[in-house]
Amino acid sequence: MDNQSRFSLAGRTALVTGASSGIGRHIALTLVSAGAAVVLAARRLGQLDETRKTIEEMGGRALCVELDVTDRDSVERGFEIAVAEFGAIDVLVNNAGIADTASFLEMTEEAWSRVVETNLTGVWRVGQVAARIMARQGKGSIINIASALAIGVQKNQANYASAKAGVLQLTRVMAMELGRSGVRVNAIAPGYFQTEINSDFFSSSQGQAYVEKLFPRRLGTLDELDGPILLLASDAGNFITGSVLAVEGGALLKS
Ligand code: NDP
C-alpha cells in the first residue's frame, strides 16, 4: 500500500462530537478532505448545518445529528441515525468539551459536576455506544480529545484537568478491552488552540504570559492537528492503540 492510500479515509464514515465549532468543526473538515463521510454531532443544529453546507461545497458528504453527550438517549439516537444513513461508523472523534474555570477553593459543586459529566462521562458514554457498533463491525478507531492540562498542571482548572486526566486512563482501559475486537483507542492531548472555549483566557495577562513561554511564542493553529488526527483515524495508525499524542509545541517541557 502506498502512503497516500495508507492515510486515505475514502469509503469510511467518521462521527465527530462537538462539530459545531472550534477544533471539532476543523477535524470534521480534515476528515472529509481525506475522503471520509462525516456525521456532525452537537447540540446546536444551526451551526452544524453551516458546516454541512461547507462540506458539500467541497464535494464531501455530511449528516448533522443533534446529540448531547450528557444524555444517553440522545447519543444512542444519534448513532442510530448515523448507521441508518451510512451503514457503519469507522471513526469516532470524542471531542465535545466545556470549561468552567475557578480556583479550587471557589469552585462550585455545579461547575465541578457539569465539566466532569461532559468531558469525562460524556467521552465514556459516547465511546461505549460507538464501541458496541465498532466491535460488531470488527474494526474502528476512537480518538479521544484530552488536553495538555491532563498532564501539565495549571491553576483554576481542577474540574477540567481532572476530567481530562481521566480521559487518558479511560483511553488505555478502552484500548485494552477493545483491542481483540479490532477497535483502536487513542487520545490526543492538545495544547492551547484559540477557540470559543478559551477566548477569555487569551485576552488576560495570564494568557499572554503563557503564549510567551511556548517555544514558538504562539498558539497552535488548527491545521497542526491534522497530521495526528489522520494518523490515528486511518490505516497508517493500524499498530497504534492506547497511545496519547501530545500536540502542544513543547509546552509540557516548560516549567
Ligand atoms: P469550543 O467551545 O469551540 O467547542 C466545544 C464543542 O463541544 C462545541 O461544538 C459544543 O457544541 C460541544 N459541546 C459542548 N457540550 C456538549 C454536549 N453536552 N453535547 C454535545 N456537544 C457538546 O471548544 P474547542 O473546539 O476549543 O474544544 C474542543 C475540544 O478540545 C474540547 O474537548 C476541549 O476540551 C479540547 N481542547 C481544546 C483546547 C483549546 O485550546 N481550544 C486545548 C486542549 C483541549 P454545542 O454547544 O453545539 O453542543
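A crossing of two helices is called left-handed if the near helix is turned anticlockwise from the far one by less than a right angle, and right-handed if clockwise. What you see is a predicted model, in which local features need pLDDT of at least 70, side-chain atom pairs count only at pLDDT 80 or more, and totals for chains, interfaces and linings use all residues. Residues are numbered from 1 along each chain as its sequence is written.

Now look at α5 (residues 109-137) and α6 (residues 158-178), whose axes come within 9 Å and cross at roughly 15 degrees. Helices here are DSSP runs of H or I with at least four residues, strands are runs of E with at least two, and both are numbered from the N terminus. Axes are lines fitted to C-alpha atoms, for helices over the stretch in contact, with angles from 0 to 180 degrees between N-to-C directions. The crossing of α5 and α6 is right-handed. The residues making this contact include Val-123 and Trp-124 of α5 and Val-167 and Leu-170 of α6; contact means C-beta atoms, placed from the backbone, within 7 Å.

Next, find Ile-143 in strand β5 (residues 140-145). Ile-143 lies 20 residues from Val-123 in sequence, and their C-alpha atoms are 9.9 Å apart. Leaving out residues up to four places away in sequence, Ile-143 touches several others, among them Val-93, Ile-188 and Leu-232.

Finally, turn to the ligand: 29 residues surround it, the closest being Gly-18, Gly-22, Arg-43, Arg-44 and Gly-97, where near means a C-beta atom, placed from the backbone, within 6 Å. Helix α2 (residues 22-33) gives the largest share of this shell, three residues.

Technical notes
Contact = placed C-beta atoms within 7 Å.
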